[in-house]
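I opened the model to look up a helix packing, a strand and a chain contact, and I kept these entries as I went.

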Amino acid sequence: MSLTMTLVGVNHRTAPLEVRERFAHGAHEVPGALGRVLAAGASGGVLLSTCNRTEFYLSDAAETALDAVWSLLGERLGDGREARPYGYLRRDRDAARQLYRVAAGLDSMILGESQIQGQVRDAWELSRGLAGAVLHRLFQSALHVGARVRTETAIGRGAASAPSAAVALAGKIFGELRGRRALILGAGDMAELAAACLVDAGVQVTIVANRTVERARAVADRLGAGAAAQTLDDAWEHFAVADIVIASTAAPHAVVTWARIAPAVARRDGRPLCILDLAVPRDVEPAVGQLENVFLYDLDDLQAVAGQGSAERRAEIPRAEQIVEEEVASFWNWHDTLAVVPVLKEFRGRMEAVRAAELERVFKQLRHLSAEDRDRLARFSESLLNKFLHEPTLALKREAEAGDGYLLVEALRKLFHLEREE
Amino acid sequence: MPSYLHFIALALYGAAAALALAPFAGRRAVPRGLLLAVPSAGAAFHVAGLTQLPSVGLAFALSLLAFFIVCLQIVSERLLRVSAVALFTAPLAAGLVGLALLLGLAPGAAPAAGRNVWLVLHVALSVLGLALLALAFIAAALYLLQFRELKAKRFGQVFQVFPPLERLDQLNRSALVAGFPALTLGVLLAIGYAVRFAGGFRVDPAQVVWGLFTWAVLGAAVWLRVGRRWTGRRAAVLSIAGFSAVLLVYLALKLASPGSERFL
């Protein structure tokens, strides 16, 4: 039995935002994408898709499954472009290490940020039915690693989020934010978090819903502080008066375009406008940043800002990496024991068959034995077999946990002519 | 004695410049208290030196300009927290004091004939107006640098150390708006002095031309900023153009009338 683990992924280190945003999978797309990859030859899979990464964790994946991932991602790039140059492949321990580092915030743009922990949990929940035992255990332990790193080190202390970085960036343009006006496009969690940060800074916020104004109204009610709600159609004129615009809709394409806002921006008399695009895929056409006195920032920019001043958090990296290594070793010990289990099972089955056959032969020779004696003899043989197998079984498990089980398993197979499962 | 005091002021302004530059040399940012204390100490020595000088002559004017620039730096920092202004003001003040020392500060020189409170106020207000124009220029230069960094999405030292754009815009506007009445009063005092004490003090025509030109530039800048509501990048470019024009006209007049011993 093969128990391989493979990770095929793309992240902020290997691909720019304009590529990552095409790879991003909405929750509704995950089952379809995973189903397609598993059908190509893998026993389990989890898809972790965030603004910074799209990673397929696969168990027992054949090469055809890996090809299916690249093909799927390539289709999202369009124009016949290859996804492979933007990605990476990790196997077994390296795959586990990568997930643990991700969950610990070590692989995040903002070192130690905690949002990723929730995203790993969401990915696991979303793919649970397709994950399989090994990945189930891997993701469960990744959450434990994330929690442990944040508890035992100061890596997450003072780490900023993208919305808080957005507020800091707006502060670099406007200084005092109190009394400023902000337009929030989108009524999702990220939009609400950003709006809350701005309200805390004394900004007058207007929430604009992409679809229904009721949702925007609900967010505005929760925020209080005079927050208002509007529809997207009425929002464009606000670009003439708003100081800050935060875009975080779930739209699959840019909603804020040059053509839509240029007339309103022209009426600003040179006052700066700060547009912060927190969405993936992006909500704001990059050309908007060319408008005079318009400062456009996307998620990569915000994360670059948020990642600054983290010298104290960076000093915690060695300790965090040490925890990750400990946990990878621990997971892999468990993983190794999985390889031993089927061999042991077969070995015991074989011994049991021998015992049953020998007992049967003895019973034929000793026909005078009463049912009670036969039963006693059967229990004796079982007990004897268990006693004979007890020490070898324990030794095998012990060696497997120590990472040295392979040789013993091979010896067992050869000695007892056990079948090799692949 | 005044030279000695000026040397101390020069050293402290130099130290203030070094402190302001520290973040750009990879050093940790200096505490704000120190950024205020060092130039304040320099200004204290400086004013002590200035009080012992006759209030005429190019060296005195340069020294007074340096003093006002440092005072404006301290006030700006206290009111608007714009530490990066010291990146320009501190070296500028140090340079002006150094130049004044090279030109020769003359302690105990006999006061010029016709020197009175009108003249002293005229000189002080005119130089203050000029210092405010220089501050507006510095704020505008910082604005354009920060603007460029923000537009280019570069989040390096300039982004971190320089103040927010709108604060720089506010500083630029305040400096222009405060500078115009100061210079206007300086010009009016000069006219009043000329009328009341005609013949009491020799005046270079070039000095009058430059003074009026500077006043006109400052007036135009204030009109565009306040009357036409120019803000942001456009206003910053305007301030830089105005200050550059004042400087160029000064140099042109200086070259045209060599040997002048007063302002020009």
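I began with the helix pair and found that V30(A), L34(A) and L38(A) in α2(A) meet L126(A), S127(A) and L130(A) in α5(A), where contact requires C-beta atoms, placed from the backbone, within 7 Å. By class this contact has 5 nonpolar, 1 polar and no charged residues. I noted that this is a predicted model, in which local features need pLDDT of at least 70 and side-chain atom pairs count only at pLDDT 80 or more, while totals for chains, interfaces and linings use all residues. Residues are numbered from 1 along each chain as its sequence is written, and chains are lettered from A and ligands numbered from 1 in the order in which they are written.

For the geometry, I read an angle of about 25 degrees between α2 (residues 30–39) and α5 (residues 115–152) of chain A, with the axes 10 Å apart. The two helices α2(A) and α5(A) are therefore roughly parallel, a label for angles under 35 degrees.

A hairpin of 3 residues joins β2(A) to β3(A).

Last, I checked the chain contact, in which 15 residues of chain B touch 16 residues of chain A.

Terms used. Contact = placed C-beta atoms within 7 Å. Axes fitted to C-alpha atoms, helices over the stretch in contact; angles between N-to-C directions. Helix = DSSP H or I, 4+ residues; strand = E, 2+ residues; numbered from the N terminus. Parallel < 35°, antiparallel > 145°, perpendicular 65-115°, else oblique. Nonpolar A, V, L, I, M, F, W, Y, C, P; charged D, E, K, R; others polar. Pairing = 2+ DSSP bridges.
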